[in-house]
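Subject: A structure for you to look at

Hi,

Here is the structure I promised to pass on. Have a look at it first, and then read my notes below.

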Amino acid sequence: MIAITFIGSGSKGNAALIEFEKNFFLLDAGFSCKRIKEFLNLRNLDFKDLSGVFVTHEHEDHVKGLRVIFGKHPELPLFCTKGTHCALASRGIAPKSFVDLKYGRELEIANIRCFPFKVPHDATEPMGLRFDFGGRVMSIATDLGHITDEVLENMKDADLLCLESNYDEGLLRSSIYPGWLKRRIRSPMGHLPNEGFRGVLSRMSKDPQILALMHVSQESNTHYLVRETVENFFELNPARFATTRLSIAVQDKPGERLVLERPLPERIKRKILVQNTFDSIWENEEIRSVK
Ligand SMILES: [Zn+2]
Ligand SMILES: [Zn+2]
């Protein structure tokens with residue numbers, strides 16, 4: 001089983017809890033230690049139950065709580081690229097244990113295969129993550145200016161796809177943001193607009209079970225617009241995505257727990273199929289006998 005719950009997501013802070021059966025990790029820590037702890041406690045967990053913290057990049061909305069978290073729990077391992085580690089160290093954030101993640105190099109942690117990959121964003125060495133566990137794949141890419149071949153390669157067969165949906169062009173244009181910030185957001189090293197998911201979804205080798213959109217801006221986007229953009233895309237592709245579930249992470253409260261169950265082994269699938277066939281014959285017999 002793989003699961004992810006967004007503790008909150010948006011331009012003002014990002015953090016999520018990832019589960020691989022009984023192994024728990026934090027993905028980014030863009031909220032206070034207190035808020036993250038409150039969330040963990042709601043799930044009967046604490047920092048001591050975590051196996052580590054993955055940090056995608058050093059921007060404040062992804063690391064706000066890290067200094068206090070590592071101050072109180074220095075034993076927690078930090079999983080990130082060397083560039084992100086250096087950028088954090090220069091700000092005095094330095095845990096005792098650091099696991100160096102390199103683009104394209106697989107890392108195995110307790111049967112979890114983790115593949116860090118490069119994302120185009122204006123940070124030191126930002127990464128997306130692909131996790132392969134128990135026959136299921138979860139891919140995560142947040143804070144990226146466009147979809148590269150490398151991003152697509154790591155997302156195209158995901159069962160659970162977590163992708164940024166940062167801004168609506170019309171709302172960004174009329175937003176109160178200064179010109180330089182608008183240009184930064186729109187740049188190929190900035191953020192993905194609402195249409196960004198199309199570049200991945202239209203080229204996927206299979207339909208994902210869950211599409212989770214995240215990092216939705218409160219200034220230049222709305223959840224209604226995000227949902228409308230996805231629904232329009234689904235309507236234009238009637239032969240696909242019939243079973244894909246859409247989930248949109250919100251800024252100020254935890255989202256739903258998104259779960260990917262382990263696929264059933266073939267022999268059990270066959271057994272269920274035989275059982276169903278038998279049941280339907282039995283039901284038909286009953287209907288006939290009642291008549
Ligand atoms: Zn960023
Ligand atoms: Zn961000």
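Let me start with strands E1 and E2, which pair in the antiparallel sense over six bridges. (Strands, of at least two residues, and helices, H or I with at least four, are DSSP runs numbered from the N terminus; two strands pair if DSSP finds at least two bridges between them.) A hairpin of six residues connects E1 to E2, and Phe6 has Ala16 in E2 as its bridge partner. E1 also runs antiparallel to E14, joined to it by three bridges, with Ile4 opposite Leu258. Five of the seven residues of E1 (residues 2-8) are buried, so this strand is largely enclosed by the rest of the structure. Buried here means that 20 or more other C-beta atoms, placed from the backbone, lie within 10 Å of the residue's own; 12 or fewer makes it exposed, and anything in between partly exposed.

Before going on, a word on what this is: a predicted model, where local features need pLDDT of at least 70 and side-chain atom pairs count only at pLDDT 80 or more, while totals for chains, interfaces and linings use all residues. Residues are numbered from 1 along each chain as its sequence is written, and chains are lettered from A and ligands numbered from 1 in the order in which they are written.

Now the wider picture. The protein has 10 helices and 14 strands, and 40% of its 291 residues are buried. Its C-alpha atoms fill a box of roughly 80 × 45 × 35 Å along the principal axes.

The strands E1 and E2 belong to an open sheet of seven strands with mixed pairing, in the order E6-E5-E4-E3-E2-E1-E14. E6 and E14 (258-260) are its edge strands, each pairing on one side only. In this sheet, E3 (residues 23-29) and E4 (residues 50-54) run parallel, joined by four bridges, and Leu26 has Val53 in E4 as its bridge partner.

Leaving aside residues up to four places away in sequence, Val53 touches Phe25, Leu26, Ala29, Leu76, Leu78 and Phe79, contact meaning C-beta atoms, placed from the backbone, within 7 Å.

There is another open sheet of seven strands, again with mixed pairing, in the order E7-E8-E9-E10-E11-E12-E13. E7 (107-109) and E13 (245-248) are at its edges with a single partner strand each, so one side of each has no neighbour in the sheet. Strands E11 (residues 160-164) and E12 (residues 210-214) pair in the parallel sense over five bridges, and Leu161 has Leu211 in E12 as its bridge partner.

Last, a helix. Which residues of H4 (residues 82-89) are buried? They are Thr84, His85, Ala87 and Leu88. Seen down the axis of H4, they fall within an arc of 165 degrees (taken from the directions from the helix axis to the C-beta atoms), so they line one face of the helix. Their cover includes helices H2 (60-63) and H3 (66-72), along with strands E5 (78-80) and E6 (98-100).

Cheers

Conventions
Two residues are in contact if their C-beta atoms, placed from the backbone, lie within 7 Å.
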